[in-house]
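Here is a short report for a first look.

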Amino acid sequence: MEPVAGVAAPPHPQIKSELLSQRVRSAMFFLVPMLVALLVVAGWPLLRTIYFSLTNASLTNLYGAEWVGFRNYLSWTTLKSGKTVFSGTLVDPVWWNAVWNTVRFAVVSVTLEAIFGMIVALVLNANFVGRGLVRAAILIPWAIPTIVSARMWGWMLNDQFGILNDLFLRMGLISQKIAWTANADTAMTAVLMVDIWKTTPFMALLILAGLQMIPKDIYEAADIDGVHPVKQFFRITLPLVRPALMVAIIFRLLDAMRIFDLIYVLTPNSSQTKTMSVVARENLIEFDKFAYGSAQSTLLFLLIAIMTIIYIWLGRVRFDGGDR
């Protein structure tokens, strides 16, 4: 059968197959160096950490460590009296307090950052004079290094000469100065305040990218039909921006679960804010319990992996811009 004049003939299957193979080879050419680098930078240290968690390694005896199995995770000894004494990370109250602090910090911070990030993204998505300048300025908190942010907020939250105490006193919100980072009741609030201020722009940036992909024709049709703006948000904007929002949340959740630098600088000695990363670092370096700290680092990795898999499964998250 002759092809109709003016209509291009479909590509030959063999040509299409060769083109697909060429694209796969090109993709692998660029992916292999990245995978090798990832294996060296992340995979090998992770495997070494898991190995050390199964030994009695210390900072002074890393390579002469002996295999002890799962004793750093859980072990028990039966005394002559018949009483069984348990030890290990899984029965360590300090570790479980750190787990609670980490999960609480992650849930509260990511939830508030998603809400505030959505509000900021909606504002930045509107048309107004100077929008480009505002978009650039809103990223400043995120661009500031975490250590610098922690030091800056540490001075601002100081109970003697911090600007926030002075401001709240003038506004009548507090009756006396508060030692935000030293008080057990306000230490976590201080950490959350700084983290939300710093990371909300990141959430807003990712959500804004999703908003930019929504066709304007949809809103024009909704306006013609007389749909209220609030209803437009819940029926149009939120469902269409959901893939970008879910990916933004998973990225922030990963960061929040392994938070270290902000808490270590802002509230280094507070049991109310010590996270799993801080406790693991203390055992690895300060207390010279390298194997014990390695076990805690391994548990941190497993917890993050499990939470991420559950979140992706329940939220039906895809990283190609769509839903399952």
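## The annotated span

An unreviewed UniProt entry annotates residues 99-311 as "domain: ABC transmembrane type-1". Such annotations may be inferred rather than shown by experiment, and positions follow the numbering used here. Residues are numbered from 1 along each chain as its sequence is written. The model is predicted: local features need pLDDT of at least 70, side-chain atom pairs count only at pLDDT 80 or more, totals for chains, interfaces and linings use all residues, and side-chain values use heavy atoms, without hydrogens or water.

The span is 76% helix and 0% strand. Its end C-alpha atoms lie 18 Å apart. Helices (H or I, at least four residues) and strands (E, at least two) are DSSP runs, numbered from the N terminus.

## Helix 2 against helix 9

Helix 2 covers residues 93-125, and helix 9 covers residues 229-257. Their axes come within 10 Å and cross at roughly 140 degrees. Axes are lines fitted to C-alpha atoms over the stretch in contact, with angles from 0 to 180 degrees between N-to-C directions.

The contact (heavy atoms within 4.5 Å) includes Phe-105, Ser-109 and Glu-113 of helix 2. From helix 9, Thr-237, Leu-245 and Arg-252 are among the residues involved.

## Helix 11

Helix 11 spans residues 276-286 and is mostly covered. Eight of its 11 residues are buried, meaning under 20% relative accessible area (1.4 Å probe, protein chains only). Among them are Met-276, Val-279, Glu-282 and Asn-283. Asp-288 follows helix 11 and has a positive phi, near 55 degrees.

Note on methods
Buried means under 20% relative accessible area, exposed over 50%, partly exposed in between (1.4 Å probe, protein chains only).
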